[in-house]
Amino acid sequence: MSTVAVTNLKHESATGNNIILDSSGNAAFADGSASTPSITNDGDLNTGIFFPGADRIGFAEGGAQCGEFDASGNFQFNSGYGSVATAYGCRAWVNFNGTGVVAIRASGNVSSITDNGTGDYTVNFTTAMPDANYSSAGQSQGIVLFQGTSSTTAYRVNTYTFAGTLTDYGTVNIAIFR
Amino acid sequence: MNSRIIYPNDEGGVSIIVPAPECGLTIEEIAAKDAPAGKPYKIVDVADIPTDRTFRNAWEYAE
């Protein structure tokens with residue numbers, strides 16, 4: 001295998017370097033734009049990665065920006081929203097059976113649920129939340145209400161009939177957003 | 001997982017920790033993390049937990 005040792009790569013018609021190579025083995029690319037991403041594909045030159053500003057990484061397809069990691073580390077994408085905007089993630093979720101043999105069907109970032117009694121459950125997170133100021137969504141065949149106890153590591157809910165009686169349900173879904 | 005973790009709760013009943021199958025933790029790790037600090041707990045087989053929950057709030061923790 002042979003090696004070509006150069007410092008920078010520059011197209012003969014370009015005004016500046018296309019790629020700057022340093023002694024640490026890094027390659028630095030020009031900023032590019034959504035219409036002409038600096039890292040792209042031969043044959044599809046308006047799709048790729050570009051750098052819209054300091055500390056930002058942009059993604060383009062078909063010459064339009066479709067996503068970005070902004071300077072604050074937020075991931076932004078369009079995906080039918082109408083513009084590229086920050087997406088707020090579901091940080092934990094669980095689908096469980098609260099009747100008979102209480103069991104978790106599927107989950108993400110949930111280590112366990114605690115069955116505290118009839119219609120009374122605590123969702124325990126595998127990785128703790130950064131604070132307790134998260135938001136939740138819950139569903140069951142009845143009513144799901146916040147029980148009043150939340151922390152960075154757990155969230156407690158109750159399931160009720162529409163008449164207000166604590167009751168177990170066959171399907172309880174909880175999702176945590178932050 | 002076919003195991004459960006039980007401990008006496010503050011309401012005088014028993015709480016049952018149900019592990020998430022895909023969480024990547026062992027039952028012992030879940031017990032250490034999710035059982036309240038200072039509470040005694042036991043790891044039991046799921047078959048030892050009653051499935052008739054009619055009187056669920058009357059269940060008690062047996063040493």
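This is a predicted model: local features need pLDDT of at least 70, side-chain atom pairs count only at pLDDT 80 or more; totals for chains, interfaces and linings use all residues.
Colleague: I have stopped at A:Asp55, which lies in the loop between β5 (44-50) and β6 (57-61) of chain A. What is the phi of A:Asp55?

Modeller: Residues are numbered from 1 along each chain as its sequence is written, chains are lettered from A and ligands numbered from 1 in the order in which they are written, and side-chain values use heavy atoms, with hydrogens and water left out. Now the general idea: most residues other than glycine have a negative phi. A:Asp55 is not a glycine, yet has a positive phi of about 65°.

Colleague: Is A:Asp55 buried or exposed?

Modeller: We call a residue buried under 20% relative accessible area, exposed over 50%, and partly exposed in between, using a 1.4 Å probe and protein chains only. A:Asp55 counts as exposed, at 66%. A:Asn109 also has a positive phi, about 55°, without being a glycine. You will find A:Asn109 in the loop between β11 (103-108) and β12 of chain A, where it is partly exposed at 24%.

Colleague: How many helices and strands does chain A have?

Modeller: Both are DSSP runs numbered from the N terminus: helices are H or I runs of at least four residues, and strands are E runs of at least two. Chain A has zero helices and 17 strands.

Colleague: How do I read a sheet, and in what order do the strands of the six-stranded one come?

Modeller: Strands of a sheet pair through backbone hydrogen bonds, either parallel or antiparallel. Here two strands count as paired if DSSP finds at least two bridges between them. In chain A, six strands form an open sheet in the order β4-β5-β6-β7-β8-β9, with antiparallel pairing. At its edges are β4 (39-41) and β9 (85-86) of chain A, each pairing on one side only. Look at β8 (residues 75-77) of chain A: two bridges join this strand to β9(A), and A:Gln76 stands opposite A:Thr86.

Colleague: What does β1(B) pair with in chain B?

Modeller: β1(B) is joined by four bridges to β3(B), running antiparallel, and by four bridges to β2(B), again in the antiparallel sense.

Colleague: Which residues of helix α1 of chain B are buried?

Modeller: An α-helix has 3.6 residues a turn, so residues three or four places apart point the same way. In α1 (residues 27-34) of chain B, the buried ones are B:Ile27, B:Ile30, B:Ala31 and B:Asp34. They lie on the same side of α1(B) because they cover an arc of only 100° around the axis, taken from the directions from the helix axis to the C-beta atoms.

Colleague: What covers those buried residues of α1(B)?

Modeller: For touching, we use contact, meaning heavy atoms within 4.5 Å. The cover includes β12 (110-117) and β13 (120-125) of chain A, together with β1 (3-8), β2 (14-19) and β3 (42-45) of chain B.

Colleague: β12 of chain A also holds A:Thr114. What does the side chain of A:Thr114 make a polar contact with?

Modeller: A polar contact is a pair of N or O atoms within 3.5 Å; within protein, one must be able to donate a hydrogen and the other to accept it, and residues adjacent in sequence count only if both atoms are side-chain atoms. A:Thr114 is buried at 2%, and its side chain makes such a contact with the side chain of A:Asn124 at 3.0 Å. A:Thr114 also touches residues of chain B, among them B:Tyr7 and B:Ile16.
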